Amino acid sequence: MFCQECQQRPATVHFTQIINNKKTELHLCSECARKHQELAFTFNFEPTFSINKFFAGLLDSPLFQVQPVSAPECPNCLLNLRRFAETGRFGCSRCYRSFGDSLTPLFRRVQGTTQHTGKVPKRAGGKLSIKREIEKLKAELHQAVQEEAYEKAAELRDRIRALEDKLQ
Amino acid sequence: MSIADTLNNPYTKWMEGKGPYASIVISSRVRLARNLTDYPFPHLQDEETGRKILELGRKAVMSQEMEAQVGKMDFVEMEALSPLDRLFLVEKHLISPQLAAEEGPPRGLALSEDEAVSIMFNEEDHLRLQVIYPALQLEEAWELASKVDDILENSLDFAFDEQYGYLSCCPTNVGTGLRSSVMMHLPALAMTRMANKLFMELSKLGFVVRGMYGEGTEARGNLFQISNQITLGPSEEEIIANLAQVSRQVIEQEEMAREKMRKEGLAQLEDMVFRSYGILSNAYIISSEEAMAHLSNVRLGVDLGLLRDVQLQKLNELLVETRPAYIRKIAGKDIDAFNRDFKRAEIIRKSLAKI
């Protein structure tokens, strides 16, 4: 097996990380592994671990492909992606959209996923909470069908339809 | 109780010493990170924006709805508090060190009368809402935090994204913005050297274990803080339920380790507990480190029923009363290290004698 980073030397160092039941594996040669030493793998154990170095490391890694020249800038607070990577802190709420897809690998690394499933503010989320409710009911419907609880399934189906009408 | 009262009283709600597993779990805390749409985050703010955030926050907190549903809140700008008073609030676990720092943007604090709810303004995020309860009461703490969050949301425009959830200054807080933690006293696991192994396992499951005063602090007095690392992906209820479940497992392990110690070395255990009790009740000079170690032994003695007359609440209060800021507060600011150790010993002696 070759090193995932340089694709040249054989991989001798193997990292496994499990976050949210999602397994991430990384196979590196000893040289690239040294460059990675500040990465996530010491995250939980090392109290002197620096979050900033962690982001800076991500930026320099081919896993997080950003060209400094084309680094996007947030039009609201004027923070650019490179500066973000140096400090590990966004400038304002709009940065999330301004930096767009460049952030996906970062969130994969830090959080394991990129989709929020929790609380939704009432004001912002009228439609969103309906969508979530529909998803929840659909899962229940699936369960009901599997259990052959058809009466319950019919009731759930009607509730889903009613909510879908609301969304229109 | 107003913030002025808070600053004169070491006691606060989480020290109650009552509730589920109170003998092992000292406190449960949930913290929500919230930001206002489009305003620059504190580290990029100018003074004017900072003031604006405080003003918006103050209004939201002092609303009639808040008073009716949660209770009266008091609001103070951090500038109005002396550095010593700020440090004292950190020691009481009501604010973070970052909010107490001397340098930084304009910051503010809102506190509920029972001190269970504290809202920090312009810390790393525009808002940090904390609820801290005694014993293992994570669900209860989350319920209250969510309720306060709902009320704040009526007058504040919280930054939210369909994909990323609540938007935070640091990517490690995005999504739910929820950091939940439990403070546990785990002497038997620490003494039988099982703690480190257990903590390694916990970290694999996405939990972080730290000392009592958070990031980078060691676990003095066998006090450990366990919290969730991931904030994006699982729902708030899942995060809370996971931490509660893991906490119960740790409690079970600690109880097993205690039982083992009791079976295999009751005499040594009694010797350790009463020796520590003797030192704390009689010493005239004691360092913070020594005090924490003996307080841990005494607490274990209370839990095991060896020491019957000491209340958990007293021991919880001593966790704060033996810290530097409190001692400086009651002894005058310029107390040196020697006199601090002297004063500390006096506080402990009196506290244990009052019983």
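1. The buried residues of H4(B) are B:Leu84, B:Asp85, B:Arg86, B:Phe88, B:Leu89, B:Val90 and B:Glu91. Buried means under 20% relative accessible area, exposed over 50%, partly exposed in between (1.4 Å probe, protein chains only). That makes seven of the nine residues in this helix (83-91) of chain B. Helices (H or I, at least four residues) and strands (E, at least two) are DSSP runs, numbered from the N terminus. The buried set packs against H1 (3-6), H5 (97-100), strand E3 (108-112), H11 (312-321) and H12 (324-331) of chain B. B:His93 follows H4(B) with a positive phi, near 65 degrees.

2. This is a predicted model: local features need pLDDT of at least 70, side-chain atom pairs count only at pLDDT 80 or more, and totals for chains, interfaces and linings use all residues. Residues are numbered from 1 along each chain as its sequence is written, chains are lettered from A and ligands numbered from 1 in the order written, and side-chain values use heavy atoms, without hydrogens or water.

3. The criterion is a side-chain nitrogen of Lys or Arg within 4 Å of a carboxyl oxygen of Asp or Glu. B:Arg258 and B:Asp303 form one (3.1 Å, N to O). B:Arg258 sits in helix H9 (residues 236-282) and B:Asp303 in helix H10 (residues 288-303) of chain B, so the pair ties together parts 45 residues apart in sequence. B:Arg258 is buried, at 6% relative accessible area.

4. B:Asp341 bridges to B:Arg344, with the closest N and O atoms 2.8 Å apart. Both residues are buried.

How values were computed
Contact = heavy atoms within 4.5 Å.
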